[in-house]
Amino acid sequence: APPDPRPRDLASSPRALLGFLRANGLYDLTLPRGDAAAAHDRMGVAAQGSPLASLTTAKNAFSTRTWRTGVADHALHVLLDDLGGSDANVVVNAGEVARPPDPFFDFGTPSSPVAAGYVPVTHLTRYADGRGYGWTAGAVQSRNRSVDDDLLRDLVFSSNAEFAVDVVCGHYQVKITLGDAAAMHDRVGIHLEGELRTTVTTRAPGWASSTYGVTVRDGRLDVQLLDLGGSDVFAAINALEIR
């Protein structure tokens, strides 16, 4: 196979903003970075306003990182910003933007860790913002319980809330994980596309995951979490996977 041409050349700047025009929705952004002739330390990169992630590469060494992020304004914005150190530049060799194969969502607080390969969803993630996923109804809150699992440690909870994801019409397997390390949640109703599919009770600490076959005919998967009574008034969700 021919050698990879991407590491041979690069763009560099102390601070720069890249833009990619894209339809609203979820994307994977991949940035190979490095330099055959020099080392570069504390290179900060952020996608769509996320916290700056720092990277250092040695001379003739290259590193690639991928961000899964949402586009809400028909543009994907990438900030390159030198964060100090002995070198004053951030370098980038290429930029690749692609639709992810499967939407996976990790529900939690704005500051809690996000499981690898998952898109973060907090109580502030509104579908109306135009990103192609988010809360469409209900008063929602979030908590970080700080257990040793990035997917299960945090959650979003509500007595009655609806979450929506734009998808191509078709049949999907939808996996939903509910639970909480600190509180029991009993008689949680899961509605998919307006149909009650099951009622779930989780103990503390305890979690439950189930997969449901769902047919989407209108281009949007709708998930409702509804408390159906019992001793606790909240439904808590940790993760949603669509395949």
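Tutor: We will start with the whole chain and then turn to single residues. Keep in mind that this is a predicted model.

Student: How many helices and strands does the chain have?

Tutor: There are 21 strands and zero helices. The C-alpha trace spans about 65 × 40 × 35 Å along its principal axes.

Student: What share of the residues is buried?

Tutor: Of the 243 residues in the chain, 47% are buried. For the surface, the accessible area comes to about 11,400 Å². Carbon and sulfur atoms hold 51% of that area.

Student: What share of the contacts joins residues 24 or more positions apart?

Tutor: Among contacts with a separation of 6 or more, such pairs account for 71%.

Student: And how many side chains are positive, and how many negative?

Tutor: The chain carries 28 negative and 22 positive side chains. The centres of the two sets are 1 Å apart.

Student: Next, aromatic rings. How is a pair of rings described?

Tutor: Two values are used: the distance between the centres and the angle between the planes. In this chain the count is seven aromatic pairs. Take F105 and F163: their ring centres are 5.6 Å apart and their planes meet at 75°, so this pair is edge-to-face.

Student: Where in the chain do F105 and F163 lie?

Tutor: F105 is in strand β10 (residues 104-107), while F163 is in strand β15 (residues 160-166). They are 58 residues apart, and the pair links distant parts of the chain.

Student: Are F105 and F163 buried or exposed?

Tutor: Both F105 and F163 are buried. They also belong to a cluster linked by ring pairs, together with F107, Y133 and W135.

Student: Which charged residue lies over the face of Y133?

Tutor: That is R131, at 5.7 Å from the ring centre of Y133. A second case is R220, which lies over the face of Y127 at 4.9 Å from the ring centre.

Student: Now backbone angles. What are most phi angles and peptide bonds like?

Tutor: Phi is negative for most residues other than glycine, and most peptide bonds are trans. With that in mind, look at R42, which is not a glycine but has a positive phi of about 50°. R42 lies in strand β4 (residues 40-47).

Student: Why does R42 count as partly exposed?

Tutor: Its relative accessibility is 40%, and partly exposed covers the range between under 20% (buried) and over 50% (exposed).

Student: Which other residue has a positive phi although it is not a glycine?

Tutor: H74 is one, with a phi of about 65°. H74 sits in the loop between β6 (61-71) and β7. Its relative accessibility is 48%, so H74 also counts as partly exposed.

Student: Where is there a cis peptide bond?

Tutor: The bond from A204 to P205 is cis, with omega near -5°. P205 is placed in the loop between β18 (195-202) and β19 (206-216).

Student: Last, which residues does D82 touch?

Tutor: Leaving out residues up to four places away in sequence, D82 touches P14, D41, R42, D87, A88, N89 and V90. D82 itself lies in strand β7 (residues 75-82). Its C-alpha atom is separated by 5.6 Å from that of G44, although D82 and G44 are 38 residues apart along the chain.

Methods
Residues are numbered from 1 along each chain as its sequence is written. This is a predicted model: local features need pLDDT of at least 70, side-chain atom pairs count only at pLDDT 80 or more; totals for chains, interfaces and linings use all residues. Side-chain values use heavy atoms; hydrogens and water are left out. Helices (H or I, at least four residues) and strands (E, at least two) are DSSP runs, numbered from the N terminus. Buried means under 20% relative accessible area, exposed over 50%, partly exposed in between (1.4 Å probe, protein chains only). Contact means heavy atoms within 4.5 Å. Accessible areas come from the Shrake-Rupley method with a 1.4 Å probe; for residues, only the protein chains shown count as cover. Lys and Arg count as positive and Asp and Glu as negative; His and the chain ends are not counted. The place of a charge is taken as NZ of Lys, CZ of Arg, CG of Asp or CD of Glu. Rings of Phe, Tyr and Trp (its six-membered ring) pair if their centres lie within 6.5 Å; planes under 30 degrees apart count as stacked, over 60 as edge-to-face and the rest as tilted. A charge sits over a ring if NZ of Lys or CZ of Arg is within 6 Å of the ring centre and within 35 degrees of the ring normal.
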